[in-house]
Amino acid sequence: MNPDRLFDLAAEFAQATGNAERFHARAAVATGDDRAAHEKAASRWEATAARRREHLRAALREALRGTVNAVPDERLPVATWQASRVEVRATTLDGTRAVRVRYSPAQAAAAGVALIACAALTDDPNGSTLASILPAFPPTPPGDKAATDEGRPA
């Protein structure tokens with residue numbers, strides 16, 4: 001689908017929605033037969049807008065169908081903009097399109113565990129690439145005598 005056709009579909013949907021809102025506003029201030037006529041016109045435009053919205057959605061699905069290859073967003077790869085949603089952000093390889101995946105907290109935790117497990121499986125045992133990023137345990141705080149061997153008999 002070419003961009004001009006998508007633009008036309010979006011414009012048709014916007015026009016129908018605007019007309020429906022306009023007739024609703026006119027009906028709100030009209031009385032008698034005029035009110036009924038405006039409400040009827042608003043209903044017709046709402047139905048038209050619903051049909052045009054579905055045409056636009058179908059065209060967008062068709063235009064955006066297929067696999068999208070993306071890389072993590074360097075500035076903000078993970079965000080929590082909405083309550084109870086975790087958003088993973090990426091951009092296409094050419095940087096022209098943003099890609100968002102929204103998870104519930106449980107889905108985000110499961111995805112994080114799966115990613116760590118996959119990273120551990122693909123880690124190079126000789127190069128130890130993960131060890132520099134994710135140490136096995138947090139470092140011992142300085143001055144923590146309980147964690148040292150000092151004072152223990154040999």
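Predicted model: local features only at pLDDT ≥ 70, side-chain atom pairs only at ≥ 80, totals over all residues.
Q: How are two packed helices described, and what are the values for helix 1 and helix 2?
A: Two packed helices are described by the angle and the distance between their axes. Here, helix 1 (residues 3-29) and helix 2 (residues 32-63) have axes that come within 8 Å and cross at roughly 160°. Axes are fitted to C-alpha atoms over the stretch in contact, with angles from 0 to 180 degrees between N-to-C directions. Helix 1 and helix 2 are therefore roughly antiparallel (over 145 degrees). Their contact has 17 nonpolar, six polar and seven charged residues; Gly counts as polar, and Ala, Val, Leu, Ile, Met, Phe, Trp, Tyr, Cys and Pro as nonpolar, with Asp, Glu, Lys and Arg charged.

Q: How many bridges join strand 3 to strand 4?
A: Pairing needs at least two DSSP bridges. Antiparallel strand 3 (86-92) and strand 4 (residues 98-103) share six. Helices (H or I, at least four residues) and strands (E, at least two) are DSSP runs, numbered from the N terminus. Valine 86 faces tyrosine 103. Five residues separate the two strands in this hairpin, where glycine 95 has a positive phi near 75°.

Q: Which helix gives the largest share of the lining of the largest pocket?
A: Helix 3 does, with four residues. Among the lining residues are Val86 and Tyr103, along with Arg89 and Leu115. By class, the lining has nine nonpolar, one polar and one charged residues. A pocket is an open set of points on a 1 Å grid where a 1.4 Å probe fits, with protein on both sides within 12 Å along at least five of seven lines; lining residues have an atom within 4 Å of a point.

Q: What should I know about the numbering and the confidence limits?
A: Residues are numbered from 1 along each chain as written, and side-chain values use heavy atoms, without hydrogens or water. Local features need pLDDT of at least 70 and side-chain atom pairs 80 or more, while totals for chains, interfaces and linings use all residues.

Definitions and conventions:
Parallel < 35°, antiparallel > 145°, perpendicular 65-115°, else oblique.
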